[in-house]
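Reader: Could you walk me through this one? I would like to see the structure, then ask some questions.

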Amino acid sequence: MTTCTLSATGLGKTIEVSGLLHAAGAVLVAISTFLSANAQALPAPEPTTRAAQSFALTDGNDLVVTGGKAETVEYQGRKAVRLTTQSKEDVFAFLKGIQFQDGTVEADIAIKVTTPPGVRMPGFVGIAFRARTDGSHYDLFYLRPRNSHAEDQAMRNHSVQYVAAPGFDWYKLRREWPWIYESYADLQPEGWNKVKIEAHGRTAKLYVNGSEDPSLIVSGLKGEDLQGGVALWGYPGEEAYFSNVKVIPAKAEAVTNGGEASGAWEVKFASDYGSYEGSMSLHRDGDAVKGTWSGAFGQDQPVSGTWRNGYVELTFNGTWPSEKPAPVTLTLAGWIDGDSAKGRMKAEGRADGPWTALRKK
């Protein structure tokens with residue numbers, strides 16, 4: 001049950017708003033919103049709205065459900081909403097009246113795995129934010145509670161996960177950026193777990209079970225939308241439980257989409273091996289980016305990659321600077337914010353860390 005009212009303005013038609021990025025490394029702040037023809041439009045509150053909203057979830061009146069159903073039940077001694085689905089689609093239960101950009105989302109969540117005995121299933125349950133009502137675009141933190149108690153360390157490291165749609169599922173992130181978008185957390189396999197998500201600009205942190213330290217930090221959220229709904233999320237074939245949900249809006253950071261890749265860039269890369277510098281000269285043709293790299297790792301090395309609404313993924317081949325030089329492939333991924341850029345960079349098999357870039361004056 002909602003305990004306070006959030007003023008809102010409805011979206012009367014499909015819109016597209018885009019602009020330039022301004023705060024390096026923070027989160028997408030101008031909206032690039034494309035609602036499908038059959039999608040429900042979430043009400044959009046005034047940007048100055050700061051009222052917190054609490055959802056006891058003693059009934060389903062505060063939810064708009066897609067891909068499954070929500071039922072009011074009792075689970076482990078408390079009233080809760082249970083999400084289930086009979087199809088292979090994920091289930092999203094959107095909180096009514098919420099249009100979220102920056103702030104905090106808190107909830108108690110639990111999972112009951114219903115797979116047959118002997119079938120390994122770690123359980124999947126989470127919360128999506130900045131989400132479109134058709135489930136096509138969102139940022140999402142979710143838990144795999146049974147992995148938290150696995151005997152294998154690699155499985156334990158997969159306890160909490162960040163993903164974004166479209167284009168950044170767990171498989172892509174794990175293969176291309178291992179250890180960055182998932183980590184270990186101490187979870188109750190089928191009991192209640194308290195989660196808190198803090199999102200500000202292009203950074204989000206996940207806190208679990210009252211810890212003062214985040215279990216997972218994502219710098220450079222992958223989601224394309226800077227604003228959207230908050231949705232409880234469940235996985236096909238399982239029972240996901242939610243109670244005591246609270247959304248606390250915060251003042252939005254001034255970041256936008258659409259930063260331009262073309263130009264000359266001074267780049268700094270920090271890693272456990274040390275810091276390295278170079279320069280890139282880039283030009284963009286549609287979504288394709290090409291250019292050269294000079295500095296650490298080689299001179300005039302061809303760079304190629306993609307650009308999407310200000311998010312770039314670039315690669316080039318070089319030589320690792322050491323007493324025994326070795327070939328290495330380097331990858332940069334991140335957001336362009338006006339005349340600066342920030343993201344992750346890795347030298348395949350050797351180093352990984354943050355990178356920053358400033359356009360030459």
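Reader: What kind of model is it, and how are residues numbered?
Author: It is a predicted model, where local features need pLDDT of at least 70, side-chain atom pairs count only at pLDDT 80 or more, and totals for chains, interfaces and linings use all residues. Residues are numbered from 1 along each chain as its sequence is written, and side-chain values use heavy atoms, with hydrogens and water left out.

Reader: How many helices and strands?
Author: The chain has 2 helices and 23 strands. These are DSSP runs numbered from the N terminus, with helices as H or I of at least four residues and strands as E of at least two.

Reader: And what share of the residues is buried?
Author: Of the 361 residues in the chain, 50% are buried. Buried means under 20% relative accessible area, exposed over 50%, and partly exposed in between, with a 1.4 Å probe and protein chains only.

Reader: What about contacts between residues at least 6 apart in sequence?
Author: Among those, 64% join residues at least 24 apart. A contact means heavy atoms within 4.5 Å.

Reader: Changing topic: how many cavities?
Author: Searching the whole structure gives 3 cavities of 30 Å³ or more. On a 1 Å grid over the protein atoms alone, a cavity is a set of points where a 1.4 Å probe fits but cannot get out; a pocket is an open set with protein on both sides within 12 Å along at least five of seven lines; lining residues have an atom within 4 Å of a point. Grid points are joined across faces, edges and corners, and a volume is the space filled by probe spheres set on the points.

Reader: How much space is in the largest cavity, and what lines it?
Author: The largest cavity holds about 70 Å³. Its lining is A261, W265, M280, L282, V289, V312, L314, I336, A341 and W355. β17 (274-285) and β20 (311-320) are the elements that give two or more residues to that lining.

Reader: Which classes do the residues of that lining fall into?
Author: The lining of the largest cavity has 10 nonpolar residues, no polar and no charged. Ala, Val, Leu, Ile, Met, Phe, Trp, Tyr, Cys and Pro count as nonpolar, Asp, Glu, Lys and Arg as charged, and the others, Gly among them, as polar.

Reader: Now the second largest pocket. How much space, and which residues lie nearest its centre?
Author: About 320 Å³. Its lining has 21 residues, with F124, Y142, R144, W170 and Y235 nearest the centre. At least two lining residues come from each of β8 (138-143), β9 (160-165) and α2 (170-176). By class, the lining of this pocket has 13 nonpolar, 3 polar and 5 charged residues.

Reader: What does the side chain of E238 reach?
Author: It reaches the backbone nitrogen of F124, at 2.9 Å. E238 lies in the loop between β14 (229-234) and β15 (239-249).

Reader: Is E238 buried or exposed, and why?
Author: E238 counts as buried because its relative accessibility is 3%. Beyond its neighbours within four places in sequence, its contacts include L83, K112, M121 and F124.

Reader: And R359, buried or exposed?
Author: R359 is buried, because its relative accessible area is 18%. It lies in strand β23 (residues 351-359).

Reader: What does the side chain of R359 pair with?
Author: A polar contact of 3.0 Å joins the side chains of R359 and D339. A polar atom of the R359 side chain also lies 3.1 Å from the backbone oxygen of E260. A polar contact is a pair of N or O atoms within 3.5 Å; within protein, one must be able to donate a hydrogen and the other to accept it, and residues adjacent in sequence count only if both atoms are side-chain atoms.

Reader: Last topic, backbone geometry. Which peptide bond is cis?
Author: The one from A165 to P166, with omega near 0°. P166 is in the loop between β9 and α2.

Reader: What is the phi of R130, and of W179?
Author: R130 has a positive phi of about 50° although it is not a glycine. W179, also not a glycine, has a positive phi of about 75°.

Reader: Where do R130 and W179 lie?
Author: R130 is in strand β7 (residues 125-131) and is buried at 1% relative accessibility. W179 is in the loop between α2 and β10 (182-183) and is exposed, with a relative accessible area of 73%.
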